[in-house]
Amino acid sequence: MISRAPLAWSAAGLLAAIALPWCALQEGLDSGAWLGGLWSSEDYASGLGQIVEHGKWWLAPTLLALAACLAAALLPATRQRRGTLLLIASTAGLLLFVAQALGIGLRGWTAAWLTTLFGELDGRQVGLGAGGAVVLVALLSLLSIGLALRGGFGGDAFVAGAVTTVASSIVLFTAWPILRILVQAFQDGDGLLAPALLVERLATEKIWSLRCLSGGGRCGVAWNTLFLALGCGAGTTALGLAFALIVTRTSFGFKKTLRVLTVLPIVTPPFVIGLALILVFGRSGLVNQFLEWSMGIQPTRWIYGFQGVFLAQLFAFTPVAFLVLIGVVEGVSPTLEEASQTLRADRWATFTTVSLPLMRPGLANAFLVGFIESIADFGNPIVLGGDYGVLSTEIYFAVVGAQLDYGRAASLALLLLVFALGAFFLQRRVVGTGSYATISGKGDSGLPTPLPDRARRAAACVALPWAAFTLMLYGFAFVGGLVKVWGRDYTPTLDHYAKAFAVEHTADGLIWTGAAWNSFWTTLKLAAIAAPLTAALGLIAAWLLVRQRFAGRATLEFATMLSFAVPGTVIGVAYVFAFNVPPIEITGTAMIIVLCFIFRNMPVGVRAGMAAMSQIDRSLDEASLTLRGRAPQTLFYVVLPLLRPAIVGALVYGFVRAVTTVSAVVFLVTAEYELATTYIILRVINGDYGLAIAYSCALIVLMLAVILLIQFAVGDRRLGRRAVALKGGRA
Amino acid sequence: MRLATIALGALVLASPASAQGVVNVYCSVQVEWCTLAANEFQKASGIKVSMSQKGSGETIAQLKAEAQNPKGDVWFGGTGDPHLQAAEEGLTEAYKSPRLADLHPWAVKQNTDSGGKTVGIYAGALGFGFNTELLAKKGAKAPACWADLLKPEFKGEIQMANPNSSGTAYVAIATLVQLMGEEEAFKYLKKMHANINAYTRSGTAPMKAVARGETMVSISFVHDGVTEALAGFPVKTATPCEGTGYEIGSMSIVKGARNLANAKKFYDWALTPEAQKLGAQAKQFQVPSNKATPLPPEAPKFADIKLIDYDQAKYGKSAERKRLIARWDSEVGALPKP
């Protein structure tokens, strides 16, 4: 089997080098126009054609290396020898490939020192196309096969392939663009290296001042960001835990409603929560108006600043914490809790000394996600921040504002990364090396232990008012789409919906005349492509990180979190920087938007998968391996079915974030691929709140439908925990 | 198969738009205006317009990022300073349109100041927006002069944008500096700080806050107030009696544009009265730069406004801008909240 795999990959790579156009096509692959020009036309020529007909000699070494791989696959050799040969040939091929791709661009050599070294190059190349991509993938696969043959990754080609896939895609679509932009932190305006500038950019009062604590003056943006993120991480974790406990461990009657409710904020397009909060708490909002009318209290601007942003972030990110925690809380095995009670611990002691510590990976992960979501959040601070500046808004305005200073933006982004890094290591310290496995092959009674009264009351006191509050806020938002001018003229109307979603029935059939349809369909299509890929990549990465031991695991874990910690705007600009020029030239296409979705949203899939997977006892994997199941079988038949909540979470999150994300894609959308959120933002900027809210409501309904569909399609995991009327009473 | 090819060929020939090619426009005015302009130009010329709408700050960020391999052809609209900055950084291309002779002098001056790399397409004056209901409730008189903003009844009631992030706020500061001299202007800004409730990040936010009753007075471009008033909010505007500055909405051709000939056609067309009346149709009430464009009745008349002789060349330069913003930062922005 294994000697067939390298054969297939090297043959596929060589075939692609002969029969597919090497470079990217202006009109796309599906037009078929390239079929006639595979040899003769410079635009359409295959790799071989480029070398022979069009003088691109620099492609030849890569293809030779690929041919060497083919030879290594065909020659009789021992496993070890074949592995070594494949490893050498594919590594050489990859290095040559990368060197030529980075070294030769649109106008010959890409760097001045290359020109001085080799002289002027008479030749140019545009971005990589289908042929080049297949060759690259083939070389990577051959590399992983070579490693596995030599005994790396437990000799398992599947594991080796998975590691290579995850690592190389993260390098390509997360690390590379982010590096491209971070380098600017060390450069002056003309692109010259000046490390001292970084110190100068970062060591200012505006970033580090602590005057707000001593009274009088403002704190620097770094502190602002940190205070907010700590508050948000702690708050969302507490709320998320309260909801998760109520849903899994009490006989509370409206669990379904509660579940939908906690998902609502996450499916809400940005700005809606902020606008609704202003409507309720703003100076002309209901609360202030009522206070003034009833008690003569002067209306205040209380909502603008830390309080408002904090509140909005709690609304926005509690569901994420809930999604991370629900799988973990469900997974805590009753066996240990029963053991504790058998040893005469009361319910409260059991809860605090057994259940909570077992949930620690989940709590730490939820806190990490809340913290990082907060520091990367852009929509809420921009609407509600007033002059409470945080790093993400500072970065945004350093890029697009009146300063236009990429160096400053990059330095601030670096600072943000340091914060994320700090939180990440803190989380690792907290979780430590203890074992949290509670899902094992051993049987248990399957009855979840009811919550102790104190905990139940506390959870209910926190979660239920919050739920009511959420409902109220959404009520307002919904009404906002049904009145003429929100906050002004409350005449009921359906005009906004008609304007967005009109469909005319004519003799030629249906015509989608509404203003929103174009962006609506594009969003739906791209999000539907991105979500399964996001979930798959995220869960595979999680499986590798938790279950496999290999060199560079910690680095990989950090790399998966990288794109999550960087604010969307930076990612957006970084993508334009990195992917607007060869070798990967994909700006203006739908592909760059999908890639941005995948690599921006994958981290939550990774976190949820890791938290859930650390609960599943290794003995289950080992049992599968003992029964001669190989790594892929173990993954698909044992681990994945137990991971259903995490899969649902990752799929839902991947889809929903693709639909609601805005700051990352604002530079990537074009007239052809307009997204719902960018359309809504334009409406908000234009003051056309009615249409924006109507569209948002339609999106919310759509996403809820999709979530139910995903839940239905993936299903629940069956843990043998029975749902029996709990004695703990009602919450 | 052959039939399909013929049908496809016929389809391609039948659409005149593709026969004339395309032009990629980055559009920094309101989206309705952008769409109208795209459709009308397409009708007039047969050239397909691929329009993407972005704020002027986002557009120049994108131009910079794409500088090695530009994707856009024309940058239409948006406040003048980023256009001047793009010209200064060599991101845009000089072009002398035959229409230049039909334009107001301020639009032509924008062109000469930038070495021919940008041109004015509309202008808007800086002024105050105020919420008439809030004023009446407090019994305050509407501000009519810069000096009025220092009155105690406006304590905590004024919003302006933060010049670090907003071009509008920078125009305000540059205006005050040109009006009073730099030292006096900063004294004034420090005094006004006591009346300011927030320096917002975005330039249009203060006017929206006025419309929704979140603040009483804003320092904004007056044409933005007209839009809010038409949407049904109790907003009125005034321009300061001492004189005021203005922005020149501009248009530039991207350096290295792939469709240069079409870009020039769009550029020429955008300077005609037919193209410039589209702004008013999209409910945007700036003053168009072609002298022959009819002025909508709602638009603030430039004749009624006391305009200063705004030195776009001097205050549009990035060095001067950086210096003034840094000074504002350390002397005004760093003051404690009153």
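Chain A contains 31 helices and six strands, and buried residues account for 58% of its 731 residues. Of the contacts in chain A between residues at least 6 apart in sequence, 73% join residues at least 24 apart.

The mean pLDDT of chain A is 81, with 91% of its residues reaching 70 or more. Over residues 724-731 of chain A, however, the pLDDT is below 50, although this stretch has 19 contacts in the model beyond near neighbours in sequence. Where pLDDT is low, the predicted coordinates should not be read in detail.

One helix pair can be described residue by residue. Helix H17 of chain A packs against helix H20 of chain A at an angle of about 175 degrees, their axes lying 9 Å apart; because the angle is over 145 degrees, H17(A) is roughly antiparallel to H20(A). By class, the contact of H17(A) with H20(A) has 13 nonpolar, two polar and one charged residues. The residues that meet are set out by helix below.

| Helix | Range | Residues in the contact |
|---|---|---|
| H17(A) | residues 360-376 | A:Arg360, A:Pro361, A:Ala364, A:Asn365, A:Leu368, A:Phe371, A:Ile372, A:Ile375 |
| H20(A) | residues 406-431 | A:Leu416, A:Phe419, A:Ala420, A:Ala423, A:Phe424, A:Gln427, A:Val430, A:Val431 |

How values were computed:
Residues are numbered from 1 along each chain as its sequence is written. Chains are lettered from A and ligands numbered from 1 in the order in which they are written. This is a predicted model: local features need pLDDT of at least 70, side-chain atom pairs count only at pLDDT 80 or more; totals for chains, interfaces and linings use all residues. Side-chain values use heavy atoms; hydrogens and water are left out. Axes are lines fitted to C-alpha atoms, for helices over the stretch in contact, and angles run from 0 to 180 degrees between N-to-C directions. Helices (H or I, at least four residues) and strands (E, at least two) are DSSP runs, numbered from the N terminus. Angles under 35 degrees count as roughly parallel, over 145 as roughly antiparallel, 65 to 115 as roughly perpendicular and the rest as oblique. Contact means heavy atoms within 4.5 Å. Ala, Val, Leu, Ile, Met, Phe, Trp, Tyr, Cys and Pro count as nonpolar, Asp, Glu, Lys and Arg as charged, and the others, Gly among them, as polar. pLDDT is the predictor's confidence in each residue, from 0 to 100. Buried means under 20% relative accessible area, exposed over 50%, partly exposed in between (1.4 Å probe, protein chains only).
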